[in-house]
Amino acid sequence: MDEQEKINQDITDENSNVPAPIGGDPPSDELMLVADGELPTDKEERTPAEPDAITMYEADQTDNTMHGGYASVKGTPVSARRDNKLVWIVIAIMTVMCIAVGICSAVITARLVQKGIKPAEINTNGVVQQNVAAVVTARKSSIVEIRCGTLTSSGIVMKRDGKNAIVLTNAHAIAQYVSNTAVEPRVRFYGYDDYFADVDVVGYDGHYDVAVLSVAVDDDLVISDLDGAESGDVFSPDVDFLEGDYVVSIGNAMSMGVAAYDGIISRKSELLECSELFGVGGRKVVPVFRTTAVINAGMSGGGVFDMSGRLIGLGTYRMSNTAGVDTDGGVETDVENTGFATPMSIVYPVYKRILASEGGAVGLFTVNVGKTTSAIGRLDMPMLGINCEYKGFNLTVTNVNGDDKRIKPDDVITKIGDYTVTKQADGLNAYSDICAVAGQLLRYHRQGSGKALAITVMRGDAKLTFTFDGFKYAI
(Lines give C-alpha, C1' and ligand atoms only; values in the text may rest on other atoms or scores of the structure.)
Protein backbone atom coordinates (compact mmCIF):
# COMPACT_ATOMS: atom_id res chain seq x y z
CA MET A 1 0.00 0.00 0.00
CA ASP A 2 1.47 3.37 -1.02
CA GLU A 3 1.29 6.49 1.16
CA GLN A 4 -1.91 7.96 -0.40
CA GLU A 5 -3.88 4.74 -0.03
CA LYS A 6 -2.81 4.52 3.64
CA ILE A 7 -4.13 8.03 4.28
CA ASN A 8 -7.52 7.25 2.62
CA GLN A 9 -7.88 4.09 4.69
CA ASP A 10 -7.30 5.99 7.95
CA ILE A 11 -10.00 8.55 6.98
CA THR A 12 -12.51 5.77 6.25
CA ASP A 13 -11.82 4.05 9.62
CA GLU A 14 -12.30 7.27 11.57
CA ASN A 15 -15.62 8.35 9.91
CA SER A 16 -17.38 5.05 9.26
CA ASN A 17 -21.15 5.12 9.98
CA VAL A 18 -21.09 1.46 11.09
CA PRO A 19 -19.47 0.76 14.44
CA ALA A 20 -16.90 -1.92 14.54
CA PRO A 21 -18.45 -5.10 15.89
CA ILE A 22 -16.99 -6.69 19.00
CA GLY A 23 -14.87 -9.45 17.60
CA GLY A 24 -15.27 -10.99 14.14
CA ASP A 25 -14.56 -9.56 10.75
CA PRO A 26 -15.13 -5.89 9.91
CA PRO A 27 -18.29 -5.14 7.90
CA SER A 28 -18.10 -5.31 4.15
CA ASP A 29 -18.82 -2.43 1.83
CA GLU A 30 -22.32 -3.88 1.10
CA LEU A 31 -23.31 -3.49 4.81
CA MET A 32 -21.84 -0.01 5.25
CA LEU A 33 -24.51 2.72 5.89
CA VAL A 34 -24.15 6.31 4.76
CA ALA A 35 -25.44 9.33 6.66
CA ASP A 36 -28.65 9.76 4.55
CA GLY A 37 -29.67 6.10 5.12
CA GLU A 38 -29.16 4.84 1.52
CA LEU A 39 -27.03 1.96 0.38
CA PRO A 40 -24.52 3.23 -2.29
CA THR A 41 -23.93 1.25 -5.43
CA ASP A 42 -20.51 0.13 -6.64
CA LYS A 43 -20.49 2.95 -9.19
CA GLU A 44 -21.32 5.68 -6.69
CA GLU A 45 -18.66 7.53 -4.81
CA ARG A 46 -18.74 6.63 -1.14
CA THR A 47 -18.81 9.99 0.66
CA PRO A 48 -17.83 9.98 4.33
CA ALA A 49 -20.57 11.08 6.78
CA GLU A 50 -20.34 14.37 8.62
CA PRO A 51 -18.28 13.97 11.78
CA ASP A 52 -20.09 13.53 15.12
CA ALA A 53 -23.46 12.65 13.46
CA ILE A 54 -23.15 9.03 14.56
CA THR A 55 -21.07 7.83 17.51
CA MET A 56 -18.94 4.74 17.28
CA TYR A 57 -18.53 2.55 20.36
CA GLU A 58 -15.82 0.23 21.39
CA ALA A 59 -16.38 -2.82 23.56
CA ASP A 60 -15.56 -0.97 26.80
CA GLN A 61 -17.55 2.24 26.09
CA THR A 62 -21.00 3.10 27.58
CA ASP A 63 -23.66 5.79 26.97
CA ASN A 64 -26.45 6.72 29.38
CA THR A 65 -28.71 7.55 26.43
CA MET A 66 -28.46 4.06 24.93
CA HIS A 67 -31.40 1.71 25.69
CA GLY A 68 -30.49 -1.19 23.44
CA GLY A 69 -28.69 -2.03 20.25
CA TYR A 70 -25.17 -1.01 19.33
CA ALA A 71 -25.71 2.71 18.92
CA SER A 72 -28.23 5.49 19.24
CA VAL A 73 -28.44 8.96 17.75
CA LYS A 74 -27.21 11.58 20.17
CA GLY A 75 -30.01 13.63 21.77
CA THR A 76 -31.22 15.14 25.06
CA PRO A 77 -30.69 12.63 27.91
CA VAL A 78 -33.83 11.42 29.81
CA SER A 79 -33.27 10.38 33.39
CA ALA A 80 -34.59 7.14 34.85
CA ARG A 81 -36.31 9.21 37.58
CA ARG A 82 -38.40 11.03 34.97
CA ASP A 83 -39.35 7.68 33.37
CA ASN A 84 -40.53 6.37 36.75
CA LYS A 85 -42.55 9.54 37.38
CA LEU A 86 -44.41 9.09 34.09
CA VAL A 87 -45.16 5.46 34.92
CA TRP A 88 -46.66 6.41 38.30
CA ILE A 89 -48.76 9.15 36.69
CA VAL A 90 -50.16 6.64 34.19
CA ILE A 91 -50.89 4.15 36.98
CA ALA A 92 -52.68 6.83 39.02
CA ILE A 93 -54.82 7.88 36.04
CA MET A 94 -55.76 4.27 35.28
CA THR A 95 -56.67 3.66 38.93
CA VAL A 96 -58.99 6.68 38.99
CA MET A 97 -60.59 5.56 35.72
CA CYS A 98 -61.20 2.04 37.09
CA ILE A 99 -62.85 3.45 40.21
CA ALA A 100 -65.04 5.74 38.10
CA VAL A 101 -66.09 2.88 35.80
CA GLY A 102 -66.93 0.74 38.84
CA ILE A 103 -69.11 3.46 40.36
CA CYS A 104 -70.89 4.11 37.06
CA SER A 105 -71.50 0.38 36.55
CA ALA A 106 -72.98 0.07 40.04
CA VAL A 107 -75.28 3.06 39.47
CA ILE A 108 -76.41 1.78 36.06
CA THR A 109 -77.01 -1.72 37.44
CA ALA A 110 -79.03 -0.37 40.34
CA ARG A 111 -81.07 1.76 37.94
CA LEU A 112 -81.79 -1.21 35.69
CA VAL A 113 -82.81 -3.30 38.68
CA GLN A 114 -85.26 -0.58 39.75
CA LYS A 115 -86.76 -0.29 36.25
CA GLY A 116 -86.72 -3.93 35.21
CA ILE A 117 -84.78 -5.44 32.34
CA LYS A 118 -85.54 -5.71 28.66
CA PRO A 119 -87.43 -8.94 27.95
CA ALA A 120 -85.47 -11.68 26.26
CA GLU A 121 -85.79 -11.68 22.48
CA ILE A 122 -87.14 -14.76 20.72
CA ASN A 123 -85.53 -16.18 17.58
CA THR A 124 -88.40 -16.48 15.11
CA ASN A 125 -86.39 -18.18 12.38
CA GLY A 126 -86.36 -21.68 13.81
CA VAL A 127 -88.89 -24.50 13.60
CA VAL A 128 -91.98 -24.37 15.80
CA GLN A 129 -90.66 -26.83 18.37
CA GLN A 130 -87.54 -24.76 18.90
CA ASN A 131 -89.58 -21.57 19.20
CA VAL A 132 -91.87 -23.11 21.80
CA ALA A 133 -88.85 -23.94 23.93
CA ALA A 134 -87.43 -20.43 23.43
CA VAL A 135 -90.72 -18.78 24.42
CA VAL A 136 -91.07 -20.93 27.53
CA THR A 137 -87.48 -20.19 28.57
CA ALA A 138 -87.86 -16.45 28.02
CA ARG A 139 -91.31 -15.93 29.58
CA LYS A 140 -91.69 -18.58 32.29
CA SER A 141 -89.97 -16.44 34.92
CA SER A 142 -92.60 -13.70 34.37
CA ILE A 143 -95.40 -15.96 35.64
CA VAL A 144 -96.30 -15.98 39.35
CA GLU A 145 -98.52 -18.10 41.58
CA ILE A 146 -101.33 -16.31 43.42
CA ARG A 147 -103.14 -17.43 46.56
CA CYS A 148 -106.24 -15.65 47.83
CA GLY A 149 -108.09 -17.48 50.58
CA THR A 150 -108.83 -20.95 49.23
CA LEU A 151 -108.28 -19.95 45.59
CA THR A 152 -105.05 -20.47 43.67
CA SER A 153 -104.35 -18.90 40.29
CA SER A 154 -101.68 -17.20 38.19
CA GLY A 155 -100.41 -13.75 37.30
CA ILE A 156 -97.93 -12.01 35.00
CA VAL A 157 -95.17 -9.72 36.25
CA MET A 158 -95.41 -6.71 33.96
CA LYS A 159 -92.77 -4.29 35.26
CA ARG A 160 -90.95 -2.87 38.26
CA ASP A 161 -92.31 0.34 39.74
CA GLY A 162 -89.64 1.51 42.16
CA LYS A 163 -89.60 -1.01 45.00
CA ASN A 164 -92.72 -2.79 43.74
CA ALA A 165 -93.53 -5.30 41.04
CA ILE A 166 -96.76 -4.80 39.08
CA VAL A 167 -98.69 -8.03 38.47
CA LEU A 168 -101.52 -8.48 35.95
CA THR A 169 -104.12 -11.18 36.65
CA ASN A 170 -107.83 -12.01 36.47
CA ALA A 171 -110.29 -10.28 38.77
CA HIS A 172 -111.82 -13.63 39.77
CA ALA A 173 -108.39 -14.62 41.15
CA ILE A 174 -109.04 -12.19 44.03
CA ALA A 175 -112.78 -12.86 44.37
CA GLN A 176 -112.52 -13.69 48.08
CA TYR A 177 -110.66 -10.42 48.71
CA VAL A 178 -113.39 -8.45 46.91
CA SER A 179 -116.06 -9.97 49.17
CA ASN A 180 -113.89 -9.72 52.30
CA THR A 181 -110.86 -7.41 52.26
CA ALA A 182 -109.46 -9.24 55.29
CA VAL A 183 -108.59 -12.08 52.92
CA GLU A 184 -105.40 -10.70 51.40
CA PRO A 185 -103.88 -12.10 48.19
CA ARG A 186 -100.31 -13.36 48.25
CA VAL A 187 -97.84 -13.92 45.41
CA ARG A 188 -94.97 -16.35 44.89
CA PHE A 189 -92.43 -15.49 42.21
CA TYR A 190 -90.99 -18.14 39.92
CA GLY A 191 -87.90 -19.69 41.51
CA TYR A 192 -88.87 -18.66 45.07
CA ASP A 193 -90.48 -21.94 46.10
CA ASP A 194 -90.50 -21.23 49.83
CA TYR A 195 -91.84 -17.69 49.99
CA PHE A 196 -95.20 -15.95 49.35
CA ALA A 197 -95.14 -12.14 49.40
CA ASP A 198 -97.96 -9.89 50.61
CA VAL A 199 -99.59 -7.70 47.96
CA ASP A 200 -101.71 -4.59 47.59
CA VAL A 201 -104.65 -4.62 45.20
CA VAL A 202 -104.24 -1.66 42.82
CA GLY A 203 -107.71 -2.13 41.29
CA TYR A 204 -109.94 -4.46 39.30
CA ASP A 205 -112.76 -4.60 36.77
CA GLY A 206 -115.31 -7.39 37.20
CA HIS A 207 -116.92 -7.14 33.78
CA TYR A 208 -113.77 -7.79 31.75
CA ASP A 209 -112.23 -9.86 34.58
CA VAL A 210 -108.94 -7.96 34.92
CA ALA A 211 -107.06 -7.04 38.12
CA VAL A 212 -103.72 -5.41 38.93
CA LEU A 213 -101.62 -6.13 42.03
CA SER A 214 -98.54 -4.44 43.52
CA VAL A 215 -95.91 -6.50 45.34
CA ALA A 216 -92.99 -5.15 47.39
CA VAL A 217 -89.79 -6.86 46.16
CA ASP A 218 -86.07 -6.89 46.93
CA ASP A 219 -83.66 -5.04 44.67
CA ASP A 220 -81.98 -8.26 43.58
CA LEU A 221 -85.17 -9.70 42.06
CA VAL A 222 -84.74 -9.65 38.27
CA ILE A 223 -87.92 -8.52 36.52
CA SER A 224 -88.54 -8.50 32.76
CA ASP A 225 -90.03 -5.19 31.71
CA LEU A 226 -92.90 -6.50 29.58
CA ASP A 227 -94.72 -3.19 30.01
CA GLY A 228 -91.77 -0.90 29.31
CA ALA A 229 -90.34 1.53 26.81
CA GLU A 230 -87.77 -0.98 25.53
CA SER A 231 -90.24 -3.83 25.17
CA GLY A 232 -91.41 -2.89 21.69
CA ASP A 233 -94.66 -4.69 20.95
CA VAL A 234 -94.16 -7.45 23.56
CA PHE A 235 -97.19 -5.96 25.34
CA SER A 236 -99.37 -3.91 23.02
CA PRO A 237 -103.09 -3.39 22.39
CA ASP A 238 -102.44 -3.73 18.67
CA VAL A 239 -100.71 -7.12 18.69
CA ASP A 240 -102.26 -9.20 15.93
CA PHE A 241 -102.48 -12.92 15.20
CA LEU A 242 -104.18 -15.34 12.85
CA GLU A 243 -106.22 -18.49 13.30
CA GLY A 244 -103.84 -21.43 13.18
CA ASP A 245 -100.92 -19.51 14.70
CA TYR A 246 -98.97 -21.45 17.33
CA VAL A 247 -99.20 -20.16 20.90
CA VAL A 248 -97.98 -21.11 24.38
CA SER A 249 -100.02 -20.82 27.58
CA ILE A 250 -98.08 -20.57 30.86
CA GLY A 251 -99.57 -20.66 34.35
CA ASN A 252 -99.91 -22.38 37.71
CA ALA A 253 -101.61 -25.46 36.28
CA MET A 254 -103.72 -27.39 38.83
CA SER A 255 -101.86 -25.47 41.57
CA MET A 256 -98.86 -27.71 40.95
CA GLY A 257 -96.46 -24.95 39.93
CA VAL A 258 -95.78 -22.94 36.79
CA ALA A 259 -96.03 -25.04 33.62
CA ALA A 260 -96.36 -24.44 29.88
CA TYR A 261 -98.59 -25.90 27.16
CA ASP A 262 -98.57 -25.32 23.42
CA GLY A 263 -101.41 -25.16 20.92
CA ILE A 264 -102.89 -22.99 18.18
CA ILE A 265 -105.40 -20.16 17.84
CA SER A 266 -108.66 -22.01 17.15
CA ARG A 267 -110.78 -18.93 16.63
CA LYS A 268 -109.45 -15.39 16.57
CA SER A 269 -112.48 -13.51 17.84
CA GLU A 270 -115.76 -14.62 19.35
CA LEU A 271 -118.28 -13.89 22.12
CA LEU A 272 -118.45 -16.07 25.23
CA GLU A 273 -121.38 -16.20 27.64
CA CYS A 274 -120.42 -16.69 31.28
CA SER A 275 -121.45 -15.79 34.84
CA GLU A 276 -121.13 -12.32 36.28
CA LEU A 277 -118.54 -11.94 39.03
CA PHE A 278 -118.64 -10.99 42.69
CA GLY A 279 -122.16 -12.07 43.56
CA VAL A 280 -123.80 -9.78 40.99
CA GLY A 281 -125.70 -12.69 39.50
CA GLY A 282 -126.90 -13.11 35.99
CA ARG A 283 -124.95 -13.74 32.83
CA LYS A 284 -122.67 -11.63 30.67
CA VAL A 285 -121.12 -11.89 27.23
CA VAL A 286 -117.43 -11.08 26.80
CA PRO A 287 -115.06 -10.89 23.80
CA VAL A 288 -112.41 -13.68 23.74
CA PHE A 289 -110.29 -15.80 21.44
CA ARG A 290 -110.28 -19.59 21.53
CA THR A 291 -107.16 -21.74 21.77
CA THR A 292 -106.12 -25.38 22.03
CA ALA A 293 -103.29 -24.36 24.38
CA VAL A 294 -104.38 -25.76 27.73
CA ILE A 295 -105.89 -23.38 30.29
CA ASN A 296 -106.39 -25.66 33.28
CA ALA A 297 -107.71 -24.79 36.72
CA GLY A 298 -105.12 -22.57 38.42
CA MET A 299 -103.95 -21.04 35.13
CA SER A 300 -106.43 -18.15 35.29
CA GLY A 301 -104.47 -14.92 35.03
CA GLY A 302 -101.54 -16.58 33.29
CA GLY A 303 -100.23 -15.56 29.88
CA VAL A 304 -100.81 -16.74 26.33
CA PHE A 305 -97.78 -15.91 24.16
CA ASP A 306 -97.12 -16.18 20.43
CA MET A 307 -93.95 -17.58 18.89
CA SER A 308 -92.23 -14.19 19.13
CA GLY A 309 -92.85 -14.07 22.88
CA ARG A 310 -95.52 -11.36 22.59
CA LEU A 311 -98.26 -11.42 25.21
CA ILE A 312 -101.44 -11.82 23.17
CA GLY A 313 -103.94 -12.83 25.83
CA LEU A 314 -104.79 -13.42 29.47
CA GLY A 315 -105.79 -17.05 30.11
CA THR A 316 -109.23 -16.60 31.67
CA TYR A 317 -111.84 -19.27 30.92
CA ARG A 318 -112.10 -23.00 30.38
CA MET A 319 -115.16 -24.84 29.13
CA SER A 320 -116.78 -27.59 31.15
CA ASN A 321 -119.12 -30.25 29.81
CA THR A 322 -122.11 -30.59 32.14
CA ALA A 323 -124.02 -33.02 29.95
CA GLY A 324 -125.09 -36.01 32.03
CA VAL A 325 -124.31 -34.40 35.39
CA ASP A 326 -127.83 -35.08 36.64
CA THR A 327 -127.72 -38.73 35.61
CA ASP A 328 -126.44 -41.60 37.68
CA GLY A 329 -122.66 -41.42 37.76
CA GLY A 330 -122.57 -38.29 35.64
CA VAL A 331 -119.72 -35.85 36.35
CA GLU A 332 -118.71 -32.44 35.11
CA THR A 333 -115.68 -32.66 32.87
CA ASP A 334 -113.48 -30.15 31.08
CA VAL A 335 -113.85 -29.91 27.33
CA GLU A 336 -110.56 -30.95 25.80
CA ASN A 337 -108.50 -28.54 23.72
CA THR A 338 -110.87 -25.64 24.37
CA GLY A 339 -109.67 -22.69 26.39
CA PHE A 340 -110.55 -19.01 26.15
CA ALA A 341 -108.29 -16.01 26.64
CA THR A 342 -109.09 -12.32 26.93
CA PRO A 343 -107.18 -10.66 24.07
CA MET A 344 -104.77 -7.78 24.59
CA SER A 345 -107.09 -5.48 22.65
CA ILE A 346 -109.38 -5.70 25.71
CA VAL A 347 -106.85 -6.33 28.50
CA TYR A 348 -104.49 -3.48 27.64
CA PRO A 349 -106.90 -0.51 27.97
CA VAL A 350 -108.50 -2.02 31.10
CA TYR A 351 -105.05 -2.58 32.66
CA LYS A 352 -103.98 1.00 31.90
CA ARG A 353 -107.22 2.41 33.30
CA ILE A 354 -106.74 0.43 36.53
CA LEU A 355 -103.18 1.75 36.93
CA ALA A 356 -104.49 5.30 36.52
CA SER A 357 -107.35 4.77 38.97
CA GLU A 358 -107.54 5.46 42.68
CA GLY A 359 -108.05 1.81 43.55
CA GLY A 360 -110.96 -0.56 43.98
CA ALA A 361 -113.48 -1.26 41.26
CA VAL A 362 -112.84 0.77 38.11
CA GLY A 363 -115.67 2.37 36.17
CA LEU A 364 -114.95 2.13 32.46
CA PHE A 365 -116.56 3.44 29.30
CA THR A 366 -118.59 0.26 29.17
CA VAL A 367 -119.02 -1.55 25.89
CA ASN A 368 -121.62 -4.28 25.77
CA VAL A 369 -121.36 -7.14 23.31
CA GLY A 370 -123.94 -9.82 22.77
CA LYS A 371 -124.94 -12.72 20.59
CA THR A 372 -127.52 -12.32 17.85
CA THR A 373 -128.50 -14.15 14.70
CA SER A 374 -125.39 -12.54 13.18
CA ALA A 375 -122.30 -14.73 12.97
CA ILE A 376 -120.28 -11.95 14.64
CA GLY A 377 -122.72 -10.48 17.15
CA ARG A 378 -123.97 -7.22 18.62
CA LEU A 379 -122.04 -4.26 20.03
CA ASP A 380 -123.66 -1.48 22.08
CA MET A 381 -122.26 1.83 23.29
CA PRO A 382 -124.57 2.74 26.21
CA MET A 383 -122.59 5.86 27.14
CA LEU A 384 -123.40 7.28 23.68
CA GLY A 385 -126.85 5.74 23.45
CA ILE A 386 -125.96 3.79 20.31
CA ASN A 387 -126.80 0.13 19.59
CA CYS A 388 -125.17 -1.71 16.70
CA GLU A 389 -125.32 -5.11 15.08
CA TYR A 390 -123.14 -6.79 12.48
CA LYS A 391 -125.00 -7.25 9.20
CA GLY A 392 -123.11 -8.69 6.27
CA PHE A 393 -119.81 -7.97 8.08
CA ASN A 394 -120.86 -4.32 8.49
CA LEU A 395 -121.28 -2.80 11.96
CA THR A 396 -124.69 -1.22 11.39
CA VAL A 397 -126.50 1.17 13.77
CA THR A 398 -129.85 -0.32 14.80
CA ASN A 399 -131.02 2.18 17.41
CA VAL A 400 -130.09 5.59 18.83
CA ASN A 401 -131.60 6.39 22.22
CA GLY A 402 -129.23 9.06 23.54
CA ASP A 403 -129.49 12.83 23.43
CA ASP A 404 -126.98 13.05 20.55
CA LYS A 405 -128.90 12.15 17.38
CA ARG A 406 -126.15 12.89 14.83
CA ILE A 407 -125.59 9.20 14.18
CA LYS A 408 -128.74 7.59 12.78
CA PRO A 409 -130.12 4.07 12.37
CA ASP A 410 -128.76 2.22 9.30
CA ASP A 411 -125.51 4.21 9.40
CA VAL A 412 -122.57 1.82 8.88
CA ILE A 413 -119.68 2.47 11.28
CA THR A 414 -116.43 2.21 9.32
CA LYS A 415 -113.86 3.77 11.66
CA ILE A 416 -113.37 4.34 15.38
CA GLY A 417 -110.55 6.80 15.81
CA ASP A 418 -107.94 5.63 13.30
CA TYR A 419 -109.08 2.00 13.43
CA THR A 420 -110.87 0.56 10.40
CA VAL A 421 -113.82 -1.48 11.64
CA THR A 422 -114.38 -3.64 8.56
CA LYS A 423 -111.34 -4.99 6.78
CA GLN A 424 -111.09 -6.46 3.30
CA ALA A 425 -108.72 -9.42 3.47
CA ASP A 426 -107.90 -10.45 -0.10
CA GLY A 427 -110.60 -8.75 -2.14
CA LEU A 428 -112.95 -11.66 -1.54
CA ASN A 429 -113.26 -12.34 2.18
CA ALA A 430 -114.29 -9.49 4.45
CA TYR A 431 -113.94 -9.88 8.20
CA SER A 432 -114.31 -7.83 11.36
CA ASP A 433 -112.74 -8.42 14.76
CA ILE A 434 -115.34 -7.62 17.42
CA CYS A 435 -112.68 -7.92 20.16
CA ALA A 436 -110.58 -5.21 18.51
CA VAL A 437 -113.61 -2.96 17.96
CA ALA A 438 -114.64 -3.22 21.62
CA GLY A 439 -111.02 -2.62 22.65
CA GLN A 440 -110.87 0.56 20.56
CA LEU A 441 -113.88 1.99 22.40
CA LEU A 442 -112.37 1.05 25.76
CA ARG A 443 -109.45 3.36 25.04
CA TYR A 444 -111.72 6.39 25.52
CA HIS A 445 -113.06 7.73 28.81
CA ARG A 446 -114.66 10.83 30.30
CA GLN A 447 -111.44 11.53 32.23
CA GLY A 448 -109.18 10.98 29.22
CA SER A 449 -106.73 13.68 28.21
CA GLY A 450 -105.97 12.69 24.60
CA LYS A 451 -107.83 13.12 21.33
CA ALA A 452 -111.60 13.14 21.39
CA LEU A 453 -113.46 10.03 20.20
CA ALA A 454 -114.23 10.24 16.48
CA ILE A 455 -116.61 7.83 14.76
CA THR A 456 -116.85 7.67 10.96
CA VAL A 457 -119.97 6.29 9.28
CA MET A 458 -121.22 5.68 5.77
CA ARG A 459 -124.73 7.04 5.20
CA GLY A 460 -125.59 5.89 1.74
CA ASP A 461 -122.72 7.17 -0.40
CA ALA A 462 -121.75 9.91 2.07
CA LYS A 463 -118.88 9.53 4.53
CA LEU A 464 -119.48 11.43 7.77
CA THR A 465 -117.27 11.80 10.86
CA PHE A 466 -118.65 12.78 14.26
CA THR A 467 -116.54 13.84 17.23
CA PHE A 468 -117.60 13.24 20.85
CA ASP A 469 -115.72 15.72 23.00
CA GLY A 470 -116.93 14.17 26.24
CA PHE A 471 -114.82 11.05 25.66
CA LYS A 472 -111.08 11.30 25.12
CA TYR A 473 -108.21 8.89 24.62
CA ALA A 474 -107.27 7.58 28.07
CA ILE A 475 -104.37 5.11 27.73
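Two strands pair if DSSP finds at least two bridges between them, and helices (H or I, at least four residues) and strands (E, at least two) are DSSP runs, numbered from the N terminus. This is a predicted model, where local features need pLDDT of at least 70, side-chain atom pairs count only at pLDDT 80 or more, and totals for chains, interfaces and linings use all residues. Residues are numbered from 1 along each chain as its sequence is written, and side-chain values use heavy atoms, leaving out hydrogens and water.

Let's start with strand E15, residues 386–391. Five of its six residues are buried, meaning under 20% relative accessible area (1.4 Å probe, protein chains only; exposed is over 50%, partly exposed in between).

| Partner of E15 | Bridges | Facing residues | Hairpin turn |
|---|---|---|---|
| E16 (residues 394–400) | six | Lys391 and Asn394 | two residues, with Gly392 at a positive phi of about 60° |

Now over to helix H2, residues 80–115, where you'll find Ile93. Is Ile93 buried or partly exposed? Ile93 is partly exposed, because its relative accessible area is 48%. Together with Leu86, Ile89 and Met97, Ile93 makes a nonpolar surface patch with about 390 Å² of accessible area. Such areas come from the Shrake-Rupley method with a 1.4 Å probe, and for residues only the protein chains shown count as cover. Patches take residues with over 30% relative accessible area and no salt bridge, joining like charges within 9 Å and nonpolar side chains (Val, Leu, Ile, Met, Phe, Trp, Tyr) within 5 Å. A salt bridge is a side-chain nitrogen of Lys or Arg within 4 Å of a carboxyl oxygen of Asp or Glu.
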